[in-house]
Amino acid sequence: MRPMFRDRDVTSSLFWILVGILFCIGGVHYGIRRSGIPGPGFLPFVTGLILAALSLILLISRLWKSGSDSHAKGEPMPRGKALLRILRVLGALCLYVLLLEPLGFVLTTFLFMVLVLRLEPRSWLFIFLGAIGATLFFFVLFKVLLRVPLPSGLLGY
C-alpha cells in the first residue's frame with residue numbers, strides 16, 4: 001500500500017481546498033457587499049467557495065473509494081515532462097501576478113497567454129491569435145461588461 005499523499009487526487013484536492021480558503025479570505029478582506037450590491041470581494045469569495053467545495057467532494061470520494069476497495073489505485077503524481085509542464089504554468093502564473101501592476105492587465109494577460117499556449121507545439125499564428133482573442137475577451141468581460149477597474153500599466157488600458 002502506498003502513502004495517501006502519493007495519490008494525486010488527494011494531494012491536489014488538499015492543495016485546491018487551501019487555495020479556495022485563501023480566495024474566501026481575500027474576498028472577505030475586500031468586502032463581499034457594498035451598499036446592498038456585490039462588492040469587489042464577492043467574485044473571489046464565491047469562486048473560493050466553489051473551488052473548496054468541489055475539491056472537498058473529490059477528496060471525500062477518493063478517500064471513500066480507497067477505504068472501500070483495497071484494489072483502488074489513484075493516478076500517481078506527475079513526473080518528468082508532465083511535472084515540468086505544471087511547474088512552467090505555475091511559474092507563468094507567478095510572473096502574471098508580479099507583472100500585472102507594472103505592465104497592466106492587457107499586456108500581462110497577452111504575455112501570459114503566449115507563454116501558456118507555447119507549452120504545446122503550435123504555430124505562432126495560432127498562439128498570437130489565441131492570446132489576442134483571450135486578452136480581448138477578458139478585457140471586454142471585466143472592463144466593459146463588469147466595469148472592474150483593471151491595472152493600466154504601460155499601455156494605459
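Modeller: Axes are lines fitted to C-alpha atoms, for helices over the stretch in contact. Keep in mind that this model is predicted.

Colleague: How is a pair of packed helices described?

Modeller: Two packed helices are described by the angle between their axes and the distance between the axes. Take α3, residues 80–103, and α4, residues 105–117: their axes lie 8 Å apart, at an angle of about 160°.

Colleague: What orientation do α3 and α4 have to each other?

Modeller: Angles over 145 degrees count as roughly antiparallel. α3 and α4 are therefore roughly antiparallel. Their crossing is right-handed.

Colleague: Which residues of α3 and α4 meet?

Modeller: From α3, A92, L93, Y96, L99, L100 and L103. They meet F105, L107, T108, T109, L111, F112, L115 and V116 of α4. By class, the contact has twelve nonpolar residues, two polar and no charged.

Colleague: Now α4 and α5. At what angle do the axes cross?

Modeller: Roughly 140°, with the axes of α4 and α5 coming within 8 Å. α4 and α5 are therefore oblique to each other. α4 passes α5 in a right-handed crossing. On the α4 side, the contact includes F105, F110 and M113. On the α5 side, W124, I127 and F139 are among the residues. The contact of α4 with α5 divides into 16 nonpolar residues, three polar and no charged.

Colleague: Which residues make up the largest nonpolar core?

Modeller: Twelve residues in all, including Y96, F112, M113, I127, F139 and L150. α3, α4 and α5 each supply at least two residues of this core.

Colleague: Which helix gives the most to this core?

Modeller: α4, with five residues.

How values were computed:
Residues numbered from 1 in each chain as written. Predicted model: local features only at pLDDT ≥ 70, side-chain atom pairs only at ≥ 80, totals over all residues. Heavy atoms only, no water. Axes fitted to C-alpha atoms, helices over the stretch in contact; angles between N-to-C directions. Helix = DSSP H or I, 4+ residues; strand = E, 2+ residues; numbered from the N terminus. Parallel < 35°, antiparallel > 145°, perpendicular 65-115°, else oblique. Left-handed = near helix turned anticlockwise from the far one by under 90°. Contact = heavy atoms within 4.5 Å. Nonpolar A, V, L, I, M, F, W, Y, C, P; charged D, E, K, R; others polar. Core = buried A, V, L, I, M, F, W, Y, C linked by side-chain atoms within 4.5 Å. Buried < 20%, exposed > 50% of the residue type's maximum accessible area, 1.4 Å probe, protein only.
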